[in-house]
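Reader: Could you take me through the aromatic pairs and the pockets of this structure?
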Amino acid sequence: MTHIKRFDHVGVTVRDLDRATDFFVSLGLEVQGRQPVEGEFIDTVIAIPDSRTEIVMLDSPGGGSSVELSSFVRPDTVDGSPDAMANVVGLRSLGFEVHDLRAAVDAVVADGYSLVGGIGEYEDVWRMAYVRGPEGILVSLAERIG
């Protein structure tokens, strides 16, 4: 059984959200929304207590996968390493929508990889978790629940 339904988004943590947004828009991506995210959901998923980030979602003109740009208000961004958390500048996660989040997480853990934080639910719409894959790559697995 395959867990992945489709490729969803790539998440990139940046220091200067406006500059990064302008860069991707100049390449042809379209801004779909911008909003701050904080609270229990984000703290649970990324395992950084009291975090706050500003997120811009960008789509290609024809639809499909998205780019999520994120700039942390707190804690401060940190230069990269193979064990990087979600607030580190650079490519931080590849996101996939899955059929069954729990089964997907269990399979990843069984293969020797680890859950970063916990499984969080966002507004009764998404259930999500970060797992750390090979070479420290963060992978976001999400299941639509509403």
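Reader: Before that, what kind of model is it?
Author: This is a predicted model, in which local features need pLDDT of at least 70, side-chain atom pairs count only at pLDDT 80 or more, and totals for chains, interfaces and linings use all residues. Residues are numbered from 1 along each chain as its sequence is written, and side-chain values use heavy atoms, with hydrogens and water left out.

Reader: How many aromatic pairs does the structure hold?
Author: It holds three aromatic pairs. Rings of Phe, Tyr and Trp (its six-membered ring) pair if their centres lie within 6.5 Å; planes under 30 degrees apart count as stacked, over 60 as edge-to-face and the rest as tilted.

Reader: Why is the pair of Phe7 and Phe96 edge-to-face?
Author: The ring centres of Phe7 and Phe96 are 5.2 Å apart and the planes stand at 80°, so the pair is edge-to-face. It links distant parts of the chain, with Phe7 in strand S1 (residues 4-13) and Phe96 in strand S5 (residues 90-98), 89 residues apart. Strands (E, at least two residues) and helices (H or I, at least four) are DSSP runs, numbered from the N terminus.

Reader: And is Phe96 buried or exposed?
Author: Phe96 is buried, at a relative accessible area of 18%, whereas Phe7 is partly exposed at 33%. Buried means under 20% relative accessible area, exposed over 50%, and partly exposed in between (1.4 Å probe, protein chains only).

Reader: What about Phe41 and Tyr122?
Author: Phe41 and Tyr122 form a tilted pair, 4.8 Å centre to centre with 50° between the planes. Phe41 lies in helix H2 (residues 40-46) and Tyr122 in strand S7 (residues 120-122), 81 residues apart.

Reader: Turning to pockets, what is the volume of the largest pocket?
Author: The largest pocket has about 730 Å³ of space. A pocket is an open set of points on a 1 Å grid over the protein atoms alone, where a 1.4 Å probe fits, with protein on both sides within 12 Å along at least five of seven lines; lining residues have an atom within 4 Å of a point. Grid points are joined across faces, edges and corners, and the volume is the space filled by probe spheres set on the points.

Reader: Which residues are closest to its centre?
Author: Of the 34 lining residues, the closest to the centre of the largest pocket are His9, Ile55, Met57, Glu68 and Met128. The largest share of the lining, six residues, comes from S1.
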